[in-house]
Amino acid sequence: MAVRFDPYHAWLGVASATRPPNHYELLGLPAFESDIGRISSAFELRKVRVTQMATGAQTALAEKVLRELSNAKQTLITASAKQAYDAQLRAGAGSHASHQPRPDAADALLPPMAVPGPRPQPPTVPMATLISPPG
């Protein structure tokens, strides 16, 4: 019996057995993430990863996953679409929307991608300390 290739798990580290994964799982985000910057960053990271895998026989599959990633991003950054999608997840998928799967041994081989948060700002130094008079 041949094992069916799962691009969501192999390329994106999605551990949930639900296929296709919901938009948050697809982008590697916590359920109901609302920060547009984090959503956009997650999309860009995932897009790069899938694009790198788009070779040979898996090109068509990679293009399909890229379309799903794009759709997920667009839905989650558009306020009205996100509101409707979140309501649908809460009503229809219930536990699936908030499900945080436990990683198993196979998941350890491909960890989920981290989404960068806001960058810390460097401390400010008064101009007087940067320029000292000769002497």
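Predicted model: local features only at pLDDT ≥ 70, side-chain atom pairs only at ≥ 80, totals over all residues.
Residues are numbered from 1 along each chain as its sequence is written, and side-chain values use heavy atoms, with hydrogens and water left out.

So, α4. Helices here are DSSP runs of H or I with at least four residues, numbered from the N terminus. α4 covers residues 59-77 and reaches 27 Å from first C-alpha to last, close to the 27 Å expected, taking 1.5 Å times one less than its number of residues.

Which α4 residues are buried? Ala62, Val65, Glu68, Leu69, Ala72, Lys73, Thr75 and Leu76, where buried is under 20% relative accessible area and exposed is over 50%, with a 1.4 Å probe and protein chains only. They sit on the same side of α4, because they cover an arc of only 165 degrees around the axis, using directions from the helix axis to the C-beta atoms. Turned away from that side, we get exposed Ala60 and Arg67.

Now the largest nonpolar core, with 19 residues: that's buried Ala, Val, Leu, Ile, Met, Phe, Trp, Tyr and Cys joined through side-chain atoms within 4.5 Å. Val65 and Leu69 are among those with the most contacts inside it. α4 gives the most, with five residues.

Last one: asparagine 22, in the loop between α1 and α2. Asparagine 22 is buried at 4% relative accessible area, and its side chain reaches the backbone nitrogen of tyrosine 24 at 2.8 Å.

Definitions and conventions
Helix = DSSP H or I, 4+ residues; strand = E, 2+ residues; numbered from the N terminus. Polar contact = N/O pair within 3.5 Å; in protein donor to acceptor, adjacent residues only side chain to side chain.
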